[in-house]
Amino acid sequence: MSERALPRELPNPGWGPLSALPGNPLMWVLILSEMLVFSAFFALYAAERVGATALFDASQRQLDPLVGGLNTLVLLTSGLCVALAVEAVSVERIRRARQWLGGAMALGVLFGMIKGVEYAGKFAAGITPETNAFFGFYYGLTAFHFAHVLFGLALLALVTWRTSPENVETAAAFWHMVDLIWILLYPLLYLLR
Amino acid sequence: MTMLPGSRRLLATWATLMALTLFSMLSARLAPEDAQALPLWSAGLVIAATGFKAQRLLMVYLNLRAATPAWRGTFMGLVLLTLALIGAGVLAARLA
C-alpha cells in the first residue's frame, strides 16, 4: 500500500520535468497555477481577518456549516465517480465510463443547486457581497470556485461525447482539482473562526 | 495510461474523505452556540483533517502516487503552505 512502492516508469516521456506526472502534463500546469491563485486569495483572506476578527467571526456564524459540508460530500462523491470512470475507460468499458461520468455530472449539478439555494437564502436576508469584507470574500471565492465547477461540467460533458482514456483522464484531473480547492475553501469559510 | 489506483483503493479513499468531512461538520455543530470562536485545539483538528483529505485526494484521486517524489513533495508542500497560512491567520486573529 506504500505510495513509494510503484515502479519508476515515466508516464509522459519527452515532456522534460513534467514527464514524471500522470495524465496530461499541461493539466498539471493548470492545476498548479490554480492552486497558487487560490492560495494567494486564502492568504489575503487570512490577513484581512486579522484586522477584523469580530466582524469575520460574527459573519461566519451566519453560514451553515452543514450546508457547506453537504456540498463537500456531494463533490467528493462526484470525484469518486470520475475516478471510477477513468478506471472503466482504461479497460475499454466505454459504456460504464459514460455512466460514471453521467453520475459525476449529476452530482456536480446538485452541488450547483445547493450553492444556488444557499446564495438565494443569503440574498433574501439582505446579505450581498457589499455587506462587509467577509461576505465579499465569501461570494468572491465561492463564485470563482463555482465558475470552475461549470467549466468542469462542460469538460466532463465533452469527454462523455468523445470518450477516450486520455480525454477522460484529463477532464478527471481538472474535476479533482475543483474538489481539492473546495476541500480547502470549506473549512476556511465555514468552520475556522 | 499510467498505473491507476484501482476501485478498492478509490472506495477506501472515498470512505475516508466522507468520514473526515462528517467529523468536521460534527465538530462545528458541537461547538457551543454562544462561542464566537472555535477552541484552538478544535481549529487545529479541522486543519489537520483538511490536510489529510487533500493528501488522499492528491495521491489517490489525482493519482500523484504515480509521479516522482519531487512532484509529490511540490504539491503536498503547496497544500501544507496554504494550510499553514490559514492556520497562522486563525492564530494571529486570536492573539490580536
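Which pattern does chain A follow when read along the sequence? Chain A follows α-α-α-α-α-α, with six helices and zero strands. Here helices (H or I, at least four residues) and strands (E, at least two) are DSSP runs, numbered from the N terminus.

Please note that this is a predicted model, in which local features need pLDDT of at least 70, side-chain atom pairs count only at pLDDT 80 or more, and totals for chains, interfaces and linings use all residues. Residues are numbered from 1 along each chain as its sequence is written, while chains are lettered from A and ligands numbered from 1 in the order in which they are written.

Let us turn to the overall form. Along the principal axes, the C-alpha atoms of chain A fill a box of roughly 55 × 35 × 30 Å. Chain A has 193 residues, of which 42% count as buried, that is, with 20 or more other C-beta atoms within 10 Å of their own, the C-beta atoms being placed from the backbone.

Next, the annotation. An unreviewed UniProt entry lists "transmembrane region" for several spans of chain A, including residues 137-161 and 173-192; such annotations may be inferred rather than shown by experiment. Residues 137-161 of chain A are 100% helix, and their end C-alpha atoms lie 36 Å apart. For residues 173-192 of chain A, the span is 95% helix and the corresponding distance is 28 Å.

Finally, the contact between the chains. Chain A brings 44 residues and chain B 45, where two residues are in contact if their C-beta atoms, placed from the backbone, lie within 7 Å. On the side of chain B that touches chain A, α3(B) gives the most, with 11 residues.

Terms used. A residue is buried if 20 or more other C-beta atoms lie within 10 Å of its own, exposed if 12 or fewer, and partly exposed in between; C-beta atoms are placed from the backbone.
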